[in-house]
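Trainee: Before I use the labels attached to this protein, I would like to see what stands behind them. Can we go through some of them?

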Amino acid sequence: MVSENRLSVGPPLSTAITPILTGPTACGKTAFALELAARWNLEIINADSLLVYRDFNIGTAKPTPEERQGIPHHLIDIRSPEETYTAAEFVRDVERLLLDLTLRSRRAIIVGGTPFYLKALCFGLWDAPPTQPAFRETLEGVSTQSLYEKLLAQDSEHALKLGSQDRYRLIRALEILEFSGKKPSLLEQEAKQRSPDPRFPLWVMDRPAQELEQRISQRIDAMLASGLVDEVQALRERYSQARALKSVGYAQTLEYLDQTPPRGRVRRPGLDGLRDEIQLATRQLVKSQRTFFRGLPHAQWFLFEQERLKLEALAQPLFKESS
């Protein structure tokens, strides 16, 4: 049973055990999830915040239509890039999907590693006020640096965690302070003290450092060969305000197109320099992802390919009746 003190968007609509397959970027979770889905007749629910956006394809390593053929996928391409999609919406959509799957006698696996999605699903949502459009309008003319300094003065722990460039989350943090009177860092700490939802076992795939580094290099080469630069140029022309353009791969490509030099280092000319920058940013992302996963008490780790059979054996009793 779900803990009574869980702050969520409503009671759970399904009690089915639905594992989350996650792990750092380029570890191979998408390919492995497709294998599991094909073997046990599963559907896949996306938990990657970038895959929800239409037209962000190459830089997100979004599964292609060919890869998705015959395996129902959910929560992919459901928003325009200039729209928002919150953790609360994600939780509501997952609950709705799980109920639908139960009614159809189907099973699913949740795949992806966006921290605020996984935290909301496993531990419930913060007890935070809804968005306040009028308050947000008062901040439109305030610089991002000023927003950061304001939050730093009121909740330094949360400000330092967000950093000085994430305007969207800085505004949300100030909004929470204004209308709840509580620090976001305190609300997050309270959420971490809850027990994880037993419906969502967390399976973390990982690879040895050198192997993962090689896979990252191969992925970046494949993205560049598939037209990442052209994709980013087209996305900027069509969705100039999209927050996803600030994500790893897209932000570095925009700097390359604008010939903006990186801070504190010299970029090699041409695509070699772009490749270097994306690799560095991806390496930093992997580090933060691993730190996040290690902070989740119910996470079960599997080193690939060495522990593939161990994970398959864990999945079999859950899914064998679906095949």
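Mentor: What follows takes several labels in turn and sets each against its cut-off; keep in mind that the model is predicted.

Trainee: What makes the pair arginine 39 and glutamate 312 a salt bridge?

Mentor: The N to O distance between the two side chains is 3.4 Å. The cut-off is 4 Å between a side-chain nitrogen of Lys or Arg and a carboxyl oxygen of Asp or Glu, so the pair qualifies. A search of the whole structure finds 26 salt bridges.

Trainee: Why is arginine 39 to glutamate 312 said to tie together separate parts of the chain?

Mentor: Arginine 39 sits in helix α1 (residues 29-40) and glutamate 312 in helix α14 (residues 308-319), so the bridge joins parts 273 residues apart in sequence. Both residues also belong to a network of salt bridges, whose members include Glu35, Arg207 and Glu211.

Trainee: What about arginine 265 and glutamate 277: what makes them a salt bridge, and where do they lie?

Mentor: The N to O distance is 2.6 Å, which is within 4 Å, so the pair counts. Arginine 265 is in the loop between α12 (250-258) and α13 (270-294), while glutamate 277 is in helix α13, 12 residues apart. Arginine 265 is partly exposed at 40%, whereas glutamate 277 is buried at 7%.

Trainee: Why is threonine 22 called buried?

Mentor: Its relative accessible area is 0%, and the label needs under 20%. Threonine 22 lies in strand β1 (residues 20-22). Among the residues that threonine 22 touches are Lys29, Gly112, Trp203 and Phe293.

Trainee: How do you know that the span of helix α3 is close to the expected one?

Mentor: Helix α3 (residues 87-103) has 17 residues and reaches 24 Å from its first C-alpha to its last, against 24 Å expected at 1.5 Å a residue. Its buried residues include Phe90, Val94, Leu97 and Leu101. The buried residues of α3 pack against β2 (43-46), β3 (73-74), β4 (108-111) and α4 (115-123). Serine 105 follows α3 and has a positive phi, near 55 degrees.

Trainee: Last one: why is glutamate 175 called buried, and which residues does glutamate 175 touch?

Mentor: Glutamate 175 has a relative accessible area of 0%, and the cut-off is under 20%. Glutamate 175 is part of helix α8 (residues 167-180). Its contacts, not counting residues up to four places away in sequence, are Pro129, Pro130, Thr131, Gln132, Phe135 and Arg136.

Note on methods
Residues numbered from 1 in each chain as written. Predicted model: local features only at pLDDT ≥ 70, side-chain atom pairs only at ≥ 80, totals over all residues. Heavy atoms only, no water. Helix = DSSP H or I, 4+ residues; strand = E, 2+ residues; numbered from the N terminus. Buried < 20%, exposed > 50% of the residue type's maximum accessible area, 1.4 Å probe, protein only. Contact = heavy atoms within 4.5 Å. Expected span 1.5 Å × (residues − 1).
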